[in-house]
Amino acid sequence: MAVLENVGGAFQLTEPFTEEKVRSLKVGDMVEISGMLLTGRDAVHKWLSDGNEPPKAEVNLQNSIIYHCGPVMMKKGKNWIATAAGPTTSIREEPYQAKIIERFGLKAVIGKGGMGEKTREACQKFGCVYLHAVGGAAQVLAERIKSVEGVYGLDTFGSPEAIWKLKVERFPVVVTIDAHGNSLHKVVEAESAEKLKSVVEKIGK
Amino acid sequence: MNKTLQKNLHDSLVEVIRKTSAELPNDVFESIESGRKQEQEGSSAKYAMNIICDNVEIAKRKSQPLCQDTGTVLFYIHFPMKTDYELLQKLIKKAIVSATKKGYLRQNSVDSITGKNSGNNIGPGAPVIHAEPWKKDTFEIKLMLKGGGCENVGAQYSLPDSRVGAGRDLKGVEKCILDAVQNAQGKGCGPGILGVCIGGDRGTGYAASKEQFLRKITDKNKNPELAKMEESVTREANTLGIGPMGFGGKTTLLATKITALNRVPASFFVSVSYMCWAFRRQGAVMSPKGEIKKWLY
């Protein structure tokens with residue numbers, strides 16, 4: 001039996017997020033996540049890699065999923081609402097990501113645009129996947145956020161850079177780096193580079 | 001400016017910001033729709049294009065930002081000669097503060113020295129305002145919101161460039177543009193639209209490349225050589241197989257828009273700006289009383 005249930009073409013990744021579950025995924029799989037996502041982008045990655053860590057009672061990064069996202073947040077009474085929450089470009093976190101995957105045993109990283117060799121290797125070694133959300137699709141993705149469960153570092157990092165705890169349901173992503181050493185980004189880039197060579201030849205001198 | 005004009009202009013400006021942030025212009029949406037039809041059923045590319053189209057619909061219905069990165073705020077305006085321009089600038093800033101409070105714009109302006117977010121999108125260089133007085137008694141306000149993801153994949157080349165095999169001619173220009181597409185891969189949130197300037201200096205070249213995004217996707221360049229290059233770059237880029245979000249696929253570019261500025265003999269720049277599919281550009285003509293008379297896109 002498959003590790004993850006497939007509904008309408010998308011594998012359902014639900015809590016608890018485990019190594020077995022993410023290792024069952026491969027490049028090109030469409031996935032829907034239900035559970036908690038923690039946002040983290042430039043400032044948080046730098047801060048974590050400097051050796052800092054939020055208090056566990058507030059944010060538990062262990063075995064979690066980090067989402068490269070700086071949402072638009074509005075406060076309605078006591079509650080926060082994410083009114084726009086698409087992914088930001090992941091490659092900026094490449095210098096930090098592998099270490100953070102190892103340190104916290106991250107099970108997935110969500111972002112856009114793909115990541116590099118160090119992250120690909122860390123995914124393979126520690127059992128993590130890189131999940132690509134559709135960049136710019138801030139409304140489709142915000143609709144899948146069912147509640148905002150808290151925020152850490154709002155004053156220190158500012159709203160787009162803070163760690164937001166987002167409870168999501170059927171959050172749509174595509175696996176572009178799996179836990180077996182495969183990267184869609186690497187393949188597409190190599191193939192398009194080959195094609196570009198012949199286009200350049202055609203243009204001529 | 002009397003109080004009524006000030007109030008009307010402020011409200012009209014907030015409305016321009018709202019509409020720009022939440023609604024994709026029709027010419028862009030039609031182009032995305034035709035790209036979606038080309039992608040193969042069941043592919044990641046089709047999946048991405050379907051999500052993009054759903055997103056456009058939801059953002060418009062809810063009047064919320066198409067993309068959470070509401071980007072650099074770039075105004076292109078014409079105003080009547082007699083206008084107090086200093087006051088107009090203040091009104092624009094006030095409208096941005098209001099639009100940020102309403103959630104049409106994310107808090108998106110960061111002090112480059114301290115790293116502190118100003119919280120209201122105002123600060124040195126924010127917003128960007130290109131303004132010119134004109135002889136008409138109406139105001140023309142165009143607005144572009146350009147996200148950081150696509151801004152980061154822009155590129156400037158200085159010809160000759162041996163790395164891309166580009167000499168100091170139009171063939172060299174075309175090679176540079178395609179190289180920029182290859183380097184961008186999916187990082188600029190494709191399918192993208194390119195704005196290109198041949199010539200100028202490093203500053204004017206980039207500025208002019210961005211202004212190309214004020215042109216409609218469907219328009220045709222008046223210069224026949226540039227028109228030919230625009231078509232050729234788009235066609236060739238779409239053979240590279242980068243596809244929506246870099247997932248692989250047929251739709252890598254929706255359009256290419258090229259302009260040229262004179263250069264000094266020693267310099268030959270090619271400046272390439274990349275616009276994501278969430279191409280937020282709108283404009284309106286406002287009456288002498290500051291009320292919106294007509295939308296431009």
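Let's start in a loop: Pro16(A) sits between β2 (10–14) and α1 (19–23) of chain A, where helices (H or I, at least four residues) and strands (E, at least two) are DSSP runs numbered from the N terminus. The peptide bond that joins Glu15(A) to Pro16(A) is cis, with omega at about -5 degrees. Bear in mind that this is a predicted model, in which local features need pLDDT of at least 70, side-chain atom pairs count only at pLDDT 80 or more, and totals for chains, interfaces and linings use all residues. As for bookkeeping, residues are numbered from 1 along each chain as its sequence is written, chains are lettered from A and ligands numbered from 1 in the order in which they are written, and side-chain values use heavy atoms, with hydrogens and water left out.

Chain B has a cis bond to show as well: Gly190(B) to Pro191(B), with omega near 5 degrees. Pro191(B) is found in the loop between α6 and β5 (192–198) of chain B. Back in chain A, have a look at Asn63(A), a residue other than glycine with a positive phi, near 60 degrees. Asn63(A) belongs to the loop between α2 and β4 (65–67) of chain A.

Now for the layout of chain B. It splits into domain 1 (3–22 + 66–147 + 280–295) and domain 2 (149–275), with bounds that come from an automatic or database domain assignment. Taken over C-alpha atoms, the centres of domain 1 and domain 2 of chain B are 27 Å apart. Domain 1 of chain B puts 8 residues into the contact and domain 2 of chain B puts in 12, contact meaning heavy atoms within 4.5 Å.

Next, a helix pair in chain B. The axes of α6 (residues 170–184) and α8 (residues 224–237) of chain B come within 10 Å and cross at roughly 35 degrees; axes here are lines fitted to C-alpha atoms, for helices over the stretch in contact, and angles run from 0 to 180 degrees between N-to-C directions. On the α6(B) side, the contact includes Leu170(B), Val173(B) and Ile177(B), while α8(B) brings in residues including Met229(B), Ser232(B) and Val233(B). By class, the contact of α6(B) with α8(B) has 8 nonpolar, 1 polar and 3 charged residues. For these classes, Ala, Val, Leu, Ile, Met, Phe, Trp, Tyr, Cys and Pro count as nonpolar, Asp, Glu, Lys and Arg as charged, and the others, Gly among them, as polar.

Volume is the space filled by probe spheres set on the points, and grid points are joined across faces, edges and corners. The pocket has 43 lining residues, with Gln107(B), Asn108(B), Ser109(B), Val110(B) and Asn117(B) nearest its centre. Elements giving two or more residues to this lining include α2 (42–49) of chain A and β1 (72–80) of chain B. The lining of the largest pocket has 11 nonpolar, 21 polar and 11 charged residues.

Finally, the search of the whole structure turns up 1 cavity of 30 Å³ or more.

Technical notes: On a 1 Å grid over the protein atoms alone, a cavity is a set of points where a 1.4 Å probe fits but cannot get out, and a pocket is an open set with protein on both sides within 12 Å along at least five of seven lines; lining residues have an atom within 4 Å of a point.
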